[in-house]
Amino acid sequence: MPDNPDSPVQSLRRQLRQHLHRHGRRSLGSPFLNALWNLTGPGPRADCLRRLAWHARHQTLTWPTSSGTRYAADLQQAARLHGDLAAFVVPLDSLPEDCGQQLEAALSLLAACPDRRAALPVEIAEPDDTP
């Protein structure tokens, strides 16, 4: 899938960042964000988790312990073994069955990222770039 402004991957990245910025941990309860995550295929979700885990690999997760944050910590630990993002892969068969757990891992990793724009780049205007 090409990374163009209309692609679902770009939309997922943008929405994750916007929801976390606007709602913090309450983003987990967003029906829209949950539906978007569930409708996105496992490949793009794994890629999103891969990028987030690698960018947050040396950060401390601050969200309360749960199955989602434990999965995020496992991804961080795996990412620390790689010096380059391109070398790090999240296998599709390692994704938890529960999409809510995946989304919680993604949001907790995104919250820990020192540079959210680098972790989830988008090719469209940022919320703070528009009036």
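## Burial and overall make-up

Of the 131 residues in the protein chain, 47% are buried. Keep in mind as you look around that this is a predicted model.

Contacts across the sequence are well represented here. Among contacts with a separation of 6 or more, 71% are between residues 24 or more positions apart.

## Where H2 crosses H5

Which residues in H2 and H5 meet? From H2 come Leu33, Asn34, Trp37 and Asn38, and from H5 come Cys99, Gln102, Leu103, Ala106 and Leu107. Sorted by class, this contact has six nonpolar residues, three polar ones and no charged ones.

Helix H4 covers residues 67-79, which makes 13 residues. From its first C-alpha to its last, H4 reaches 18 Å, close to the 18 Å expected at 1.5 Å a residue.

The buried residues of H4 are Gly68, Thr69, Tyr71, Ala72, Leu75, Gln76 and Ala79. They lie on the same side of H4, because the arc they cover around the axis is only 155°. What do these buried residues pack against? Their partners are helix H3 (42-55) and H5.

## Two residues to look at

Let us turn to Gln15, which is found in helix H1 (residues 8-23). Is Gln15 buried or exposed? Buried means under 20% relative accessible area, and Gln15 counts as buried because its relative accessibility is 11%. Leaving aside residues up to four places away in sequence, Gln15 touches Phe32, Leu33 and Leu36.

Pro42 is found in helix H3. With a relative accessible area of 41%, Pro42 is partly exposed. Pro42 touches Leu92 and Leu95, again not counting residues up to four places away in sequence. Where does Asp93 sit relative to Pro42? The two are 51 residues apart along the chain, and their C-alpha atoms are separated by 9.4 Å.

Conventions. Residues numbered from 1 in each chain as written. Predicted model: local features only at pLDDT ≥ 70, side-chain atom pairs only at ≥ 80, totals over all residues. Heavy atoms only, no water. Contact = heavy atoms within 4.5 Å. Helix = DSSP H or I, 4+ residues; strand = E, 2+ residues; numbered from the N terminus. Nonpolar A, V, L, I, M, F, W, Y, C, P; charged D, E, K, R; others polar. Expected span 1.5 Å × (residues − 1). Buried < 20%, exposed > 50% of the residue type's maximum accessible area, 1.4 Å probe, protein only. Arc of directions from axis to C-beta.
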